[in-house]
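Colleague: I would like to learn how to read helix packing, sheets and salt bridges in a model. Could we go through them together, one at a time?

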Amino acid sequence: MDIRQDFLEQNCFYHIYNRGINGCTVFNDNENRYYFLRKVKEYLLDYIEVFAYCLMPNHFHLVIKVKDKTSIPSSNLKGLHSEDSVVSKQVGKLISSYTQAFNKRFERHGSLFERPFKRKKILDESYLRQVIVYVNRNPLDIQQKIEEYLFSSYKSILSTRPTSVARNEVLLLFEGIENFKYCHKKESLYRFELE
């Protein structure tokens, strides 16, 4: 299947991920990570809900739900692209904008991320819970505690501070905060390879 024709469908959940070309570092410091998260807000939040995220040194993960067309401002659906491809185009804009800023700051040229970005459709709630746990547990791969890692959704879910993460919806999926924490103590059954 041509990934460019595999549109992100309304009311569906996806695991969106991408890594640096040849596994290169894409987040050199916290300033990069905060900038990327600001770009997620700027380019994606009108179109999606974020259920989980994690920024790792050489890749990122987003677990999203694409909003229904009726909840997207109509002005955001106008333009040259079909309504079916608008969310994919927004993800592309996010990656392009981040890459341009990264390249300028670190005096480099060319693509930073592999193309096209990867996506896996999430078909049921059990699978969705497993993907959320998998994404939030990513910092363990770099010997970081998930409870302390600044650039994943785990702390946002447990916090009472304002967040762009769909905290209430995630906690409903896990039937409360205690089960959310419990599920994150064991390894997720979700498996995939960063392709």
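Modeller: Gladly, starting with handedness: a crossing is left-handed if the near helix is turned anticlockwise from the far one by less than a right angle, and right-handed if clockwise. Helices (H or I, at least four residues) and strands (E, at least two) are DSSP runs, numbered from the N terminus. The model is predicted, so local features need pLDDT of at least 70 and side-chain atom pairs 80 or more, while totals for chains, interfaces and linings use all residues. Residues are numbered from 1 along each chain as its sequence is written, and side-chain values use heavy atoms, leaving out hydrogens and water.

Colleague: What is the crossing of α1 and α2?

Modeller: Right-handed. Helix α1 (residues 30-44) and helix α2 (residues 86-105) pack at about 150°, their axes 9 Å apart; axes are lines fitted to C-alpha atoms, for helices over the stretch in contact, and angles run from 0 to 180 degrees between N-to-C directions. The two are therefore roughly antiparallel (an angle over 145 degrees). Contact means heavy atoms within 4.5 Å, and among the residues making it are Tyr-35 and Phe-36 of α1 and Leu-94 and Tyr-98 of α2.

Colleague: And how do I read the sheet? What is the order of its strands?

Modeller: Strands of a sheet pair through backbone hydrogen bonds, either parallel or antiparallel. Here an open sheet of four strands runs β2-β3-β1-β4, with antiparallel pairing; two strands pair if DSSP finds at least two bridges between them. At the edges are β2 (48-56) and β4 (118-122), each pairing on one side only. From one strand to the next, the twist averages 15°.

Colleague: How many bridges join β2 and β3?

Modeller: Eight, with β3 spanning residues 59-66. Cys-54 stands opposite His-61 in β3. Helix α1 packs on this sheet, touching β2 and β3, and its direction makes about 160° with that of β2.

Colleague: Now salt bridges: how many are found in the whole structure?

Modeller: Side chains of opposite charge can pair when their charged atoms come close. The search finds eight, each a side-chain nitrogen of Lys or Arg within 4 Å of a carboxyl oxygen of Asp or Glu. One to look at joins Lys-121 and Glu-9, at 2.9 Å from N to O. Lys-121 lies in strand β4 and Glu-9 in the segment before β1 (13-19), so this pair links distant parts of the chain, 112 residues apart.

Conventions: Angles under 35 degrees count as roughly parallel, over 145 as roughly antiparallel, 65 to 115 as roughly perpendicular and the rest as oblique.
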